[in-house]
Amino acid sequence: MKFRVRFTREAEDDLVRLYEFILRRDATDWELAERALEAIRHGLTGLEQSPFSYRKASAGGSPFLRELVIPFGSAGCVALFEIEGRDVVTVLAVRHQREDDYL
């Protein structure tokens, strides 16, 4: 079975923010920002096949709320997602591990 992956508006905004976050560190490195987005896209493709294989987002919480660690360079991103029904995965948020608000 293949799951359809969709994004909340907030998660889409997160992707724009991450792109800008990378460029704030080095405004000339567009290639790095593009590679980071590609790593995120590639990482999220696993959700289409096996979203239940990723770790639960919180102990004792919903078994349908999970997170995916996406490596990139010496850090990476974490995508929070929810499995909805039999064939839909919704990406709720994406955070870079070096952002100030990353927990």
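How many residues lie between β4 and β5 in their hairpin? There are three, and Gly85 in the turn has a positive phi of about 70°. This is a predicted model, in which local features need pLDDT of at least 70, side-chain atom pairs count only at pLDDT 80 or more, and totals for chains, interfaces and linings use all residues. Residues are numbered from 1 along each chain as its sequence is written, and side-chain values use heavy atoms, with hydrogens and water left out.

Start with the strands. Helices (H or I, at least four residues) and strands (E, at least two) are DSSP runs, numbered from the N terminus. Two strands pair if DSSP finds at least two bridges between them. Strand β4 (residues 75–84) pairs with β5 in the antiparallel sense, over eight bridges. Glu82 has Thr90 of β5 as its bridge partner. Strand β1 (residues 4–7) runs parallel to β5, joined by four bridges. Here Val5 is partnered with Val89 in β5.

Strand β5 spans residues 88–96. Seven of its nine residues are buried, so the strand is largely enclosed by the rest of the structure. Buried means under 20% relative accessible area, exposed over 50%, partly exposed in between (1.4 Å probe, protein chains only).

Now the aromatic rings. The whole structure holds three aromatic pairs. Rings of Phe, Tyr and Trp (its six-membered ring) pair if their centres lie within 6.5 Å; planes under 30 degrees apart count as stacked, over 60 as edge-to-face and the rest as tilted. Tyr19 and Trp30 have ring centres 6.1 Å apart and planes at 50°, so this pair is tilted.
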